[in-house]
Amino acid sequence: MFDMIDESGSDLSRFGYKVKKVDSLGTSVAKLCVDDKSKSEKLGLDEGEYFIFSCPKIYESKEVAHLVSALLFETFDKLLKNLNGKRTLVVGLGNPEIWADCLGKSVVDCIEIDALKENNHIFKFCPNIFFSTGINTFDMVAILAKGLEIECIIVVDSLATNSLDRLGKSIQISSAGMTPGSAVNNLGKKINFENTGCSCFSIGVPFMLFAKEGTEEEILLAPKDIHENVLEMGKVIADALNMLLCQ
């Protein structure tokens, strides 16, 4: 099982995966377009566009943080075409009581809305986890999307990685949507266009580590001081989304 597409074990370069270096501090942007059923089946990925931003120095340099926000905005702007004025729901997935799993809440808390504005078209929501609510995450999102006549859903969640070096230092964006709880094998219904009727985009950052013990695959959470990185990364992503949504 994998969350980050470049940890799938496949040679993605054969399918058009390209990496572009952005600065001298190791920041790079990679892209993969899964544009047909055959490629989707071979890779085990849903059809859509995938981007991975690698930023190993993001917590050491404000310049890198600003650069990543700008890169994210440019990518969102291209992916979410003609978003201006569309009714958009930003969903923060994860468990808000566990730092390594609360990126979604961190981002949503920083999203700017004007709830009293007559023509407000930006909405945000953190559904919490099934074991805390007894309600499937997909069902809550689908109900809101229908009731609020949402046209675009942006889902944010913490991911898992096989690499200690990329914890909190990679950002993955996809136009294929997201399955809540996929990192912990809680395979619910995917939040995507097919299931919601809305354009769906996902944003994820690996703050959890996959580790194998014998034949069992377990998840080890990141170090206890990870909360600072979660808050900072949440601000970086939210800054890009705010620029996008407030155009």
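Two strands pair if DSSP finds at least two bridges between them, and strands (E, at least two residues) and helices (H or I, at least four) are DSSP runs, numbered from the N terminus. This is a predicted model, in which local features need pLDDT of at least 70 and side-chain atom pairs count only at pLDDT 80 or more, while totals for chains, interfaces and linings use all residues. Residues are numbered from 1 along each chain as its sequence is written, and side-chain values use heavy atoms, with hydrogens and water left out.

Q: What makes S3 and S7 a pair, and which residue in S7 is the bridge partner of Phe 53?
A: Pairing needs at least two bridges, and S3 and S7 are joined in the antiparallel sense over 5 bridges. They therefore count as paired strands. Within S7, Ile 171 is the bridge partner of Phe 53.

Q: Why is Asn 242 called buried?
A: Buried means under 20% relative accessible area, exposed means over 50%, and partly exposed lies in between, using a 1.4 Å probe and protein chains only. Asn 242 has a relative accessible area of 7%, so the residue is buried. Its place is in helix H7, residues 226–245.

Q: How do you know that the side chain of Asn 242 makes a polar contact with the backbone oxygen of Cys 110?
A: A polar contact is a pair of N or O atoms within 3.5 Å; within protein, one must be able to donate a hydrogen and the other to accept it, and residues adjacent in sequence count only if both atoms are side-chain atoms. A polar atom of the Asn 242 side chain lies 3.0 Å from the backbone oxygen of Cys 110. Contact in general means heavy atoms within 4.5 Å, and Asn 242 touches Cys 110, Ile 111 and Glu 112, leaving aside residues up to four places away in sequence.

Q: How do you know that the length of H7 agrees with its number of residues?
A: The expected span of a helix is 1.5 Å times one less than its number of residues. The 20 residues of H7 should therefore span 28 Å, and the end C-alpha atoms are 28 Å apart, which agrees.

Q: What caps the N-terminal end of H2?
A: Ser 61 does, with a side-chain oxygen that lies 3.2 Å from the backbone nitrogen of Glu 63.

Q: What makes a set of residues a nonpolar core, and which residues have the most contacts inside the largest one?
A: A nonpolar core is a set of buried Ala, Val, Leu, Ile, Met, Phe, Trp, Tyr and Cys residues joined through side-chain atoms within 4.5 Å. The largest has 45 residues, and those with the most contacts inside it are Leu 72, Ile 203, Met 233, Ile 237 and Leu 241. H7 gives the most to this core, with 10 residues. Leaving aside neighbours within four places in sequence, Leu 241 is in contact with Phe 76, Val 107, Ile 111, Ile 154 and Ile 203. A second, separate core of 28 residues includes Val 34, Leu 93, Ala 145 and Ile 150.

Q: Why is Glu 149 called exposed, and why is Pro 56 called partly exposed?
A: Glu 149 has 59% relative accessibility, so this residue counts as exposed; its place is the loop between helix H5 (137–147) and S6. Pro 56 has 32% relative accessibility and therefore counts as partly exposed. Pro 56 is found in the loop between S3 and H2, and it touches Leu 25, Gly 26, Thr 27 and Lys 169, not counting residues up to four places away in sequence.
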